[in-house]
Amino acid sequence: MPQANEAIGTVFQSKTEGFNRDRPGCDQDSGGFINAIFKCAGFSPSINGTKMQDHNHATSVTPQRQIRASYDKATIRVYQAFSDVIADAALEKGTFTSPPFKMERMTWIKPSFLWMMYRAGWGFKDAGQKRILAIDISRAGFEWALEHGCLSHADESMSKEEWTAKKETSPVRIQWDPERDLLLRPQPYRAIQIGLGNEAVEMYVHKWIVRIVDVTPLAHSIHALLTQEKFEEAMRMLPEERVYLSAFHSS
């Protein structure tokens, strides 16, 4: 099974055959392979009547750093990708067990389904990320992680010395990476990743996790629709994610 981007590219390849690559507006470098295909073919996929965002030209009112997730009053859903052996053990026990899960390593949780799909290639990237798990954790635990988090990289909010000191004592890393759209293209706004280490991992495994669900079949189903150019059907299958407001992060 090909990786996600390769598979989508194969489906759309026929749309580029016969097109003059010197035509104005058909520069592949300006928007990537898939964007160039859409532009040259005169095709702009539409989801429920709304054009899919072209991140190279569109403006967005979405804040650069905003937490978006599936959640209810008690829990919030995050995603991780693992090998069969780790996923099967977690599903059997209802939490991660060591071994095979390595408690001594930082583990990264991601509230964004599409960013997880980008990272794991819809579950086809490699054997270590072939199983996509949705983990519902307590909102109290999620809030604790935000409260005790330190950015992975220093920014203008604090000096390099302040950042270094905080990083050395923090059990949690916060990282913001470009959010992805349905075709896994980067967006102008970011999705949060949270790295849990030391006592944060212990609390995650033993206190925060409420349930674990295998959503690999969902990922594969959406990917299959994309390879068939059934964009609206694929979009309807995406998990609903809403803006998540936290006392420890202002969107």
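Predicted model: local features only at pLDDT ≥ 70, side-chain atom pairs only at ≥ 80, totals over all residues.
## Helix 5 against helix 7

Helix 5 spans residues 139-147 and helix 7 spans residues 199-208; their axes come within 10 Å and cross at roughly 175°. Angles over 145 degrees count as roughly antiparallel, and the two helices are therefore roughly antiparallel to each other.

On the side of helix 5, the contact is formed by Gly141, Trp144 and Ala145, while helix 7 contributes Glu199, Ala200, Met203 and Trp208. By class, the residues of this contact comprise five nonpolar, one polar and one charged.

## Burial of helix 5

Gly141, Phe142, Glu143, Ala145 and Leu146 of helix 5 are buried. The elements that cover these buried residues include strand 4, strand 6, strand 7 (149-151), strand 8, strand 9 and helix 7.

## The nonpolar cores

The largest nonpolar core holds 34 residues, of which Phe96, Ile135, Ile137, Phe142, Ile194, Leu196 and Tyr204 touch the most other members. At least two residues of this core come from each of strand 4 (75-82), helix 3 (84-93), strand 6 (131-138), helix 5, strand 8 (172-180), strand 9 (186-196), helix 7 and strand 10 (209-214). Helix 7 gives the most, with six residues.

Leaving aside residues up to four places away in sequence, Ile194 touches Thr107, Trp108, Ile109, Phe142, Ala145, Leu146, Val172, Arg173 and Ile174. A second, separate core has 22 residues, among them Leu114, Leu182, Leu183 and Phe231.

Terms used. Residues numbered from 1 in each chain as written. Heavy atoms only, no water. Axes fitted to C-alpha atoms, helices over the stretch in contact; angles between N-to-C directions. Helix = DSSP H or I, 4+ residues; strand = E, 2+ residues; numbered from the N terminus. Parallel < 35°, antiparallel > 145°, perpendicular 65-115°, else oblique. Contact = heavy atoms within 4.5 Å. Nonpolar A, V, L, I, M, F, W, Y, C, P; charged D, E, K, R; others polar. Core = buried A, V, L, I, M, F, W, Y, C linked by side-chain atoms within 4.5 Å. Buried < 20%, exposed > 50% of the residue type's maximum accessible area, 1.4 Å probe, protein only.
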